[in-house]
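Hi,

Here is the structure we talked about. Have a look at it first, then read my notes below.

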Amino acid sequence: MNPLRVAIVGFGKIARDQHVPAISATDGVELVAVASRNASLPGIPHAPTLDELLRSGPPVDAVALCTPPQVRQAQAATALAAGKHVMLEKPPGATVAEITPLATAAQVARRTLFATWHSRFAPAVEPARKLLAGRKISSVRITWKEDVRVWHPGQAWIFEAGGLGVFDPGINALSILTRILPQPLFVTSAELAFPANRDAPIAAKLALSDAQGLSIAAEFDFRQTGPQSWDIEIETDGGPVTLSFGGAKLRAGDRQLVDAPDAEYAGLYRRFRDLAAAGESDVDLAPLQLVADAFLLGRRRTVEPFEDKA
Ligand code: NAP
């Protein structure tokens, strides 16, 4: 079968760090173009915009949209209208409702819309889901704290409206949570800390639950210096279960069950290739809905202004 010819749109940090190496490492997928206003990749055809790429670039079967969420809906609609398969970086959009028309357009055009959640492809997530399926869970605690200056240097969009602020990484935790606990979850309270000079939160505390009253507490903070935390601790009738390092490690009691290297994006591209071959889509909006509900319900607190330079 011919390889899936992919163009990356928005050649920033995640495109360079993850998409390019993952495409190279995946059979049946080929990087044929980059569309980005200010960046390119030596040896790969370049266009400044998606429109220009579609007009005069090399033939492509699919686009991987690695731009900020605020501009992705329009790009996805354009790409689908041009008959391309579309991979959306997470979060799939800046609003929940904008995704459904894209899913419909994909279905009508018999093209793939893949709303990715890279953290769900972390090596300990599926083992955790299987382990927890046989246990009774009494509580969950999420601690997702990282230094925004280290992980998102100079990314102004993240603190602009629609950029999600601390929910940009926090939604990764929620994508794992909604995968390992299959029952519907909902937000019961939220506190959001907004820097005085920004339109998106720098920290958040959430309480979530399910129909049985499960207690889930989540703390997200972008101001963490020193050790970083991407942990989910689950109390079960069989003892504690911990997913740490963003889903790379799994511990049950004193047994280390998984400790594996990162291969999330290779998993994403295998899935994209297979979805495109089957003409199917994969769109799960549950993590984005939880974030939207946190914004709906959240008590807002103003905290000190955030400047990118420490
Ligand atoms: P980034 O470094 O800012 O890269 C995004 C690129 O998109 C920019 O370099 C820019 O390239 C282009 N862009 C920016 N604003 C645009 C606009 N208004 N219109 C069109 N293009 C625009 O951001 P990133 O970290 O790669 O993140 C991109 C997405 O990937 C986000 O949704 C993020 O959540 C997700 N993600 C990031 C990470 C991470 O660790 N950084 C991890 C997983 C997922 P040009 O100026 O050249 O057009």
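By contact I mean heavy atoms within 4.5 Å. Helices (H or I, at least four residues) and strands (E, at least two) are DSSP runs, numbered from the N terminus. This is a predicted model, where local features need pLDDT of at least 70 and side-chain atom pairs pLDDT 80 or more, while totals for chains, interfaces and linings use all residues. Residues count from 1 along each chain as its sequence is written, and side-chain values use heavy atoms, leaving out hydrogens and water.

The sheet: 9 strands form an open, mixed one, in the order E14-E13-E12-E11-E7-E10-E9-E8-E15; two strands pair if DSSP finds at least two bridges between them. E14 (255-259) and E15 (299-303) are the edges, each with a single partner strand, so one side of each has no neighbour in the sheet.

Helix H7 (residues 167-180) lies across E7, E8, E9, E10, E11 and E12, at about 155 degrees to E7 (axes are lines fitted to C-alpha atoms, for helices over the stretch in contact; angles run from 0 to 180 degrees between N-to-C directions).

Then the domains, whose bounds come from an automatic or database assignment: domain 1 is 4-115 and domain 2 is 119-261 + 293-303. Their C-alpha centres lie 27 Å apart, and the contact takes 8 residues from domain 1 and 12 residues from domain 2. The rule finds 1 salt bridge across that interface (a Lys or Arg side-chain nitrogen within 4 Å of an Asp or Glu carboxyl oxygen). Aspartate 168 and lysine 90 also meet through their side chains in a salt bridge, at 3.4 Å, N to O.

Cheers
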